[in-house]
Amino acid sequence: MLLTLIFPPPPSIFMAAMSVISFTSLANAGFSELRGKHMQYSKFWNFNSSQKSAEKKQQIPQLSGRTGMLILYAPAFLAALSCLLFFPHHSTRHLLLSSALTLHFLKRLLEVQFVHSYSGGMSIDTAIPISLSYFLSTATMIYGQNLTQGLPEPPIDLKEPGILLFLIGISGNFYHHCILSKMRSKGDKEYKIPKGGLFELVICPHYFFEIMGFVGVSCISQTLYAFSFAMGTALYLTGRSCATRKWYLSKFKEFPQTVKALIPYVL
């Protein structure tokens, strides 16, 4: 069944290794979130720090939230844009994949500059691994697509559903990021319970749509690496969503118990 949905995996040790590494590292990060070991950004930027870890953290260069986010997304955007503009595309699918990744990270950079409100910073030892992950996954996904040249197309073509999922994903993600940004006045760094859109049902609808966007990208690509990255991303954001819900429950006594973490009425 799987082979009807993806290109035959190329005889590349690099691609096989990257598929395993991407999935396992992202999945492990998601389980770490569930265990209370959080990536130190956003509301978890100063979370559960002991005195010893706090002293250690003071020795690590700290970035503003905006600068940290720019470092996260800029290398991946440049990688995708370079592939889109300067490398030949052997198929419509290849062109669509490069375009989708470029659009995704361009959107993220524009949101960082013009949409997001920031309540904290980001340590450089958090920014660099995440940035490297995005950069490597983007470059690897496009490289893996290039290796499909000359291979038979998958029996089930998911390009068009993939485009639809991707567009819904980035639109829903952007919409809910805008809702979050409007909750704070200028200079306000206090968190509030989000209202509006799917925030009435889940606390992380922006993650739900981000997962949808990457599932769309994997359907456009239809390579083993793209699907492994999308599944790993889904597991990480699921863990992060559950941790976020737990954080809101601990901070706000009035937080509605009916509001789930990621999937309406389910999780």
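Is Gln222 buried or exposed? Select Gln222: the residue is buried, with a relative accessible area of 0%. Here buried means under 20% relative accessible area, exposed means over 50%, and partly exposed is in between, with a 1.4 Å probe and protein chains only.

Before moving on, note that this is a predicted model, in which local features need pLDDT of at least 70, side-chain atom pairs count only at pLDDT 80 or more, and totals for chains, interfaces and linings use all residues. Residues are numbered from 1 along each chain as its sequence is written, and side-chain values use heavy atoms, with hydrogens and water left out.

**Stop 1: two positive phi values**

Stay on Gln222, in the loop between helix 7 and helix 8 (224-251). Helices (H or I, at least four residues) and strands (E, at least two) are DSSP runs, numbered from the N terminus. The phi angle of Gln222 is near 55°, which is positive although the residue is not glycine.

Next select Tyr265, in the segment after helix 8. Its phi is near 70°, again a positive value in a residue other than glycine. Tyr265 counts as exposed, at 69% relative accessibility, whereas Gln222 is buried.

**Stop 2: helix 1 and helix 8**

Two packed helices are described by the angle between their axes and the distance between the axes. Select helix 1 (residues 13-35) together with helix 8: they pack at an angle of about 5°, and their axes are 7 Å apart. Axes are lines fitted to C-alpha atoms, for helices over the stretch in contact, and angles run from 0 to 180 degrees between N-to-C directions. Helix 1 and helix 8 are therefore roughly parallel to each other. The classes are roughly parallel for angles under 35 degrees, roughly antiparallel over 145, roughly perpendicular from 65 to 115, and oblique for the rest.

Colour the contact by residue class: 15 residues are nonpolar, 7 polar and 2 charged. Nonpolar covers Ala, Val, Leu, Ile, Met, Phe, Trp, Tyr, Cys and Pro; charged covers Asp, Glu, Lys and Arg; the others, Gly among them, count as polar.

Within helix 8, pick Ser241. Ser241 is buried, with a relative accessible area of 0%. Leaving out residues up to four places away in sequence, Ser241 touches Ile203, Cys204, Tyr207, Ala261 and Leu262; contact means heavy atoms within 4.5 Å. A distance label from Ser241 to Ser25, 216 residues apart along the chain, reads 17 Å between C-alpha atoms.

**Stop 3**

Select helix 6, residues 159-182. Its 24 residues at 1.5 Å a residue should span 34 Å, and the end C-alpha atoms are 35 Å apart, which agrees. The expected span is 1.5 Å times one less than the number of residues. Buried residues of this helix include Phe166, Ile170, Asn173, His176, His177 and Cys178. The buried residues of helix 6 pack against helix 4 (92-114) and helix 7 (205-221).

Now go to Thr148, in the loop between helix 5 (124-146) and helix 6. Thr148 counts as buried at 5% relative accessibility. Apart from neighbours within four places in sequence, Thr148 is in contact with Phe7, His90 and Thr223.

**Stop 4: helix 5**

Ala127 is found in helix 5 and counts as buried at 0% relative accessibility. Not counting residues up to four places away in sequence, Ala127 touches Leu63, Gly68, Ile71, Leu72 and Met122. Ala127 and Leu63 are 64 residues apart in sequence, with their C-alpha atoms 8.7 Å apart.

Tyr143 also lies in helix 5, and is partly exposed, with a relative accessible area of 39%. Tyr143 touches Phe14 and Met15, not counting residues up to four places away in sequence.

**Stop 5: aromatic pairs**

The whole structure holds 11 aromatic pairs. Rings of Phe, Tyr and Trp (its six-membered ring) pair if their centres lie within 6.5 Å; planes under 30 degrees apart count as stacked, over 60 as edge-to-face and the rest as tilted. Select Tyr73 and Phe105: their ring centres are 6.4 Å apart and their planes are at 40°, so the pair is tilted. Tyr73 is in helix 3 (residues 65-86) and Phe105 in helix 4, 32 residues apart. Both are buried.

Finish at Tyr248 and Phe255, a stacked pair with 5.8 Å centre to centre and 25° between the planes. Tyr248 is buried at 3% relative accessibility, and Phe255 at 4%.
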